Structures are given as C-alpha cells and as structure tokens.
Amino acid sequence: MLPRVALFIPCFVDQVCPQVGVDMARVLRRIGCEIWFPEDQTCCGQPAFNTGYWQDARQLAARFLKVFDKAEVVVGPSGSCVAMVRKFYPELLHSTFGLEKFFEFSEFLLKYNMEDVGASFPHKVTVHDSCHANRELGIRQGPRKLLKNVRGLELIEMRDSDECCGFGGTFSVKFGAISAAMGDVKTGNAEQTQADFVTAVDPSCLMHIDGILRKKRSPMKTIHLASILASEAAQ
Amino acid sequence: MNPAREFLLNAAAKSVDLAHRKIIRKNMDHYEVRLAEGVARFADWEGARDVCSAIKDDAIEHLGDYLKQFEAKVKARGGVVFWAETAEEARDYVANLARDRGVKRVVKSKSMVTEEIHLTSALERAGCEVLETDLGEYIVQLRNEPPYHIVTPAMHLTRKEIYETFKEKLPGITTDEPVELVAAARRVMREFFFSAEMGISGANFLVADSGMIALTTNEGNARLGTALPRIHVVVTGIEKVVPKLSDLGILWPTLAGAATGQSLSAYNTLIGGPRRQNEVDGPEEFHVVLLDNGRTALLAESEQREALKCIRCGACLNNCPVYRQIGGHAYGTTYQGPIGSVLTPHFRGHDFDHLSYASSLCGACTAGCPVKIDLHHHLLRNRRNAVQNSRPLLERIAFRLFRWTMLSSARYTWFAGIGKKLATLLRGTAFDPLREWNRYRTPPQMPKKSFRQMWRDGDV
C-alpha cells in the first residue's frame, strides 16, 4: 500500500525548473500515490547553512519541519535538498526527530519496489552521480535500476560519473573559474559517450551542466530523472 | 595583496591553463589506476580504514600521555627531545644546534613540517648548505618552488621542464633521458650524504610504546640521510604519535595504499636514538623537535580535533576536483587541497577562511581518506567559524534578508517574482546579479509560472 505523499518542491525547483516537480508528481500519481503540496514551504535553508550562516539556517530548518509536520511521507526531486534535511539537520538542530520520513524521489520509488514505472524514452542517456545524493545519501545504483526499466532507453556510462560537476551552490559564483573548469571536465566526459541526454537526481547539477553545455553550443541536453520517468510512449 | 584575493586570482589563472590541467589529469588518471590496484590488495579496505581511524582517534584523544611515553623512551636511549611551541622556536633550536656543532652541510629527507616552519631558509641564514634528497623535493628546490603536492612535490612538471631545470643548474646534462637525470641528481646527493654533518628528517609516525620514529620513503634517501651524518634531527608535528609498534602493521600498508597504491613503500625504517656503544653505524646525536604551532589549539576543539588524525597520504588532494583544476601552488599554503583547507584556518588564522569556501562540498575527499577524517563536513564547520568571526557585511545582510524572506511563503513568492523581473531588466548591465554565472555559463530559461502557481492553477 502506497502512502500519501507530501511534495517537497525546493525553492529552486519551484522557481527555475517547476517542470521537474510536475513530472515527479505525474509519476507518483501514475504509480497510485495520493499527493498533496504543503503550500507554506519555502526553502530548507541549505544556502545559508553551506555558507556558514547556521543561525539563519536553523530558523529555516525549524520552520521547514513544522510545514511538513502533518506529512506521513515527504518526497523531493533533489538529492542535495533531501541530504540537507536528513544529513545536516541533525548537526544543525541536534536532533533527528521526524527526519526519517523524507525521501529523495528515486529512493522513494525503490523503497516501494517501483522499479518499472511504465516510462518510455527512446534515447541514449548518460548518468551524472550528484555528489550529495551519492555521498551523503548513498544513491548510486538506484537511478540506474530505474533507467534500465525505461522502454527504448539506452544507458551509456561516462567516465568518472561520480566526479563533481562543479556547481556547489554559491561556490559556482564565488569561484566561477574553478567551477567552470570542473563543469568543462564533466561535460567533456558526458559528451564523449555521444548520448543525447545527461540525467541526474539533482536539478541544480543539471542547471550547471546545462549552462556549460549551452555555452559550448553542445547538442547534448540535460533532463531530470523524474522527467524521463514521466515520459510515456506516443499514443 | 591579502591571501584571499591572491588565491582567487591564482586559482582563476590555473583554471584556464589547459596545459597545466592536462598534466594533473594525467597524473591523477595514473593514480586512480594504482589506487584501485592498491585497494584491491586488501581483503577489506573499509575495515583497514576503520582500524586506522580508531588507532589515530585513540592517539589524538590521549595525545599528551603518548607523547610523554615517547619522550621518556627516546631520552632513555640518549636522544634529546625538544618541545617547540611555535615555528620560530623550532627553527631556532635547529639553527642554533647547527651553529653550535659547526655544521656546514645539511641533508634533508622530505618533510612537510620543515616546509611549514621554513626551516631551510633559517639554516641557510645560519651559514649552512641545505640539500633536499627526495628527488621530487630536490627538483622543486632547484627551481626555488614550494612543493606542489604533499606526497609528490614535483607533480606539476613535465620531463622537459625537469630537463631544462637540470641543464641550467647542474653540469654535464646532455639528454632528457630519465636515467641520466636521476644519475646526475644522485651524484650531487651522494657527495652531500657523505659530507653532511647533519641529517634532517620528518616522521611518518612516532611510536609511543617503543620510542621509535617511523620513516617511509621510496628512494631510501631518509635511511642514508639519517645514518651517515653525525647529527640526526627529527622535526615533526605532535599529532604524529601512535600508541604501539604493532599499529604500524596496518598503518604502513594503508598509508602506502592510499598515497601511491603500493602494498608498502620501498623503504620503511624505525629509528630510536643515537648510535649506542659497540655500534658502528648511526649518528652520534639524535634530536627530536616536537612541534605544536597551533596543534594544541585545534586539539582543544573536540568537534574538529579529528583533523589532526591526518597521516599526510595526499589521497584527499588526488580525489579533489578543485585540486584537479588548480593544483597545489594556487593555495599559497604548506598543506594544500582539502586537508590544507581544513587545517590552515586553524593553524594560520582567519586570513585563510576563504579556503574553506573553495570547495563544492562534493565529499570525494572524505570518501578517500584512509583514516576517515570527515573532511568536507569540517569545511562546513570552518565556514560556520568564519561567520562567527568575520565575514563581509554585505554577505551578512544578504543572508539576514534571505532568512527573513524565507520565513514567510508570501514574502518568498513576492521576492521571487520581483527577482525574476529584476534579473531580466538588469541583464547585460554592470548590476546584473547573474553576471558571474553568465561569464562561464548560459543562464537557464526561466519558466512563466512557478510550481506553486501551476499547482494552484491545476496544471500539475
């Protein structure tokens, strides 16, 4: 029996790539979840926390947990934001109370054995392992399992798929040149696979990779895992 | 120029230096292959990391006791132990010793602590000729450069560059054949080994229960440099102590594995004091300088003291995607890469806070650390410390505003709308908030509606 799911739509997804949220919602509904969206949510506090403003982040974290107080299960399409909640809230709030119900999207699907969500995406795809998902939450094989069950999809691994793309939040602006050099390596590895798309479970990595790819005028496109899983064969 | 500004400019220059990036990438590719082989030799690499981590945890938790134990054993064998609180005290001790004993020539085996306290220039001021005997270290010494990497100091140089340096500094170099270059360096070093009155080494480990220093090299230079001269001086950080001789059974192979993928380094030496009666080899005098230089201050911070567990294997540098773009010299510090960024603000103060921010927090360093130091989380804690001490006023205001905005969904929605309009309006002007982004990347195409708007409109 699938639980009723509260959608965690990170501020960044809300504003910059809402389609990722829409696609996640579509997949969740398709597999039979009832979903709801706590409209009072804003930001989990990660930007403040990562920059060292823990006092500011602490207030946002407390507020965030309150917003999701009534939720049975919370699912978000961003490894980094979910890692903030599950991995860093304990350090910030000195408590793990109520954190176990938060899941990254691919994690949630696999927890409920939804390896095949009936998607169809007839393209070549390569995977970037988002750092926070991979190293904070241990999400590495899960997204690949899900992709292998997508009709028509050809998965091609890139070299060093687990090397950082260079985004790192404010890092990408404070140290723009280093960040871009990292992005250059990452997109170079992705392009070598000659895949049509690079996918990840973190929209912020994808925004960075996309920005570099487009600056290079590369034909390669980025797509969030949720959007691949939401795709269905043309009728 | 302040260190932060200097780092920013150096790092930016290195980031676009494709030739430089290619050299590091090639070395790191090589390292990755060797590391995989090295790790595969362990039946349980994760288990080895756990054991090493526990040994070093114990050592750090009882540092004072183990050091006293070590000191007593060394003294009993006729060695001298000097506790140096600052870099200056350590430098002066060694320089005065050299002066007192009429030392003219000094051979050094590779030691980052001597780099940390700038020992070579102090000895030169005391009238000594100082020679580095690790080949990589010798090459950077000839070039008047600091080491580029904790373990492989000349990693940034091509064979051609090394050839050019040798041709300029050494007589009779005619080809760039590695065999000839090494032979030329060896000729210089051999002469020094046999004529130097003082040999200086670091210590990979100080063994408390035996009063031994453990040295690891691949060239055997530490063995010659500590056995031939009549005075052996060990300069080391206090955090290098480990409880028992048997601990080396796991620490040595794990260090070698993480550093170079070897099962063991080629030469592993234990030294416990000066030459004893009836012994024919070894130095007449044996001094150990135990350097604090900020380490006890870090030890006092229970939350971050585990950074002192570092065994200087360099794995975090090799794994770090930032180091892989900018290399070791851009940091402007003795210890580079993730561990350097963790330690330097503690050792040298808030002028180096910027290093804690020069990370994407990807965690590759932590994943590779053989003693399981939680490196990237320490960078986060360093950032918190930086905010508690001093950060630019504008940044403080920005985050205060950020918090105020995000504490209300109405304010958040309003500001997000304004923000998007403003960004469009200012695009291309000097006030464009996305200017830094656009310099290196094309900005994302902004959607017409936010998710919450779509939800309200029934589009989801």
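Chain B contains an open sheet of 6 strands in the order E1-E10-E7-E4-E2-E3, with parallel pairing. This is a predicted model. Chain A has an open sheet of its own, with 4 parallel-paired strands in the order E2-E1-E3-E4. The contact between the chains takes in 68 residues of chain B and 65 residues of chain A.

**Sheet of chain B**

- The edges of the sheet are strand E1 (80–84) and strand E3 (129–132) of chain B; each has a single partner strand, so one side of each is left without a neighbour in the sheet.
- From one strand to the next, the twist averages 20°.
- Strand E2 (residues 105–108) of chain B runs parallel to E3(B) and is joined to it by 4 bridges.
- Within this pairing, B:Arg105 has B:Glu129 in E3(B) as its bridge partner.
- Helix H10 (residues 178–195) of chain B packs on the sheet and touches E2 and E3 of chain B. The direction of helix H10 makes about 115° with that of E2(B).

**Sheet of chain A**

- Strand E2 (35–36) and strand E4 (102–104) of chain A are the edge strands; each pairs with a single strand, so one side of each has no neighbour in the sheet.
- Strand E1 (residues 5–7) and strand E3 (residues 73–76) of chain A run parallel and are joined by 3 bridges.
- In that pair, A:Val5 stands opposite A:Val73 of E3(A).
- Helix H2 (residues 18–30) of chain A packs on this sheet, where it touches E1, E2 and E3 of chain A. Its direction makes about 170° with that of E1(A).

**Contact between chain B and chain A**

- The size of an interface is often given as the accessible area lost when the parts come together. Between chain B and chain A, the buried area is about 5,900 Å², and carbon and sulfur atoms give 61% of it.
- There are 11 salt bridges between chain B and chain A. One of them joins the side chains of B:Arg452 and A:Asp14, at 2.9 Å from N to O.
- Polar contacts between chain B and chain A number 36 residue pairs, counted where both residues are at pLDDT 80 or more.
- On the side of chain B that touches chain A, the residues divide into 32 nonpolar, 14 polar and 22 charged.

Note on methods
Residues are numbered from 1 along each chain as its sequence is written. Chains are lettered from A and ligands numbered from 1 in the order in which they are written. This is a predicted model: local features need pLDDT of at least 70, side-chain atom pairs count only at pLDDT 80 or more; totals for chains, interfaces and linings use all residues. Side-chain values use heavy atoms; hydrogens and water are left out. Contact means heavy atoms within 4.5 Å. Buried area is the accessible area (1.4 Å probe) that two parts lose on being put together, summed over both. A salt bridge is a side-chain nitrogen of Lys or Arg within 4 Å of a carboxyl oxygen of Asp or Glu. A polar contact is a pair of N or O atoms within 3.5 Å; within protein, one must be able to donate a hydrogen and the other to accept it, and residues adjacent in sequence count only if both atoms are side-chain atoms. Ala, Val, Leu, Ile, Met, Phe, Trp, Tyr, Cys and Pro count as nonpolar, Asp, Glu, Lys and Arg as charged, and the others, Gly among them, as polar. Two strands pair if DSSP finds at least two bridges between them. Helices (H or I, at least four residues) and strands (E, at least two) are DSSP runs, numbered from the N terminus. Axes are lines fitted to C-alpha atoms, for helices over the stretch in contact, and angles run from 0 to 180 degrees between N-to-C directions.
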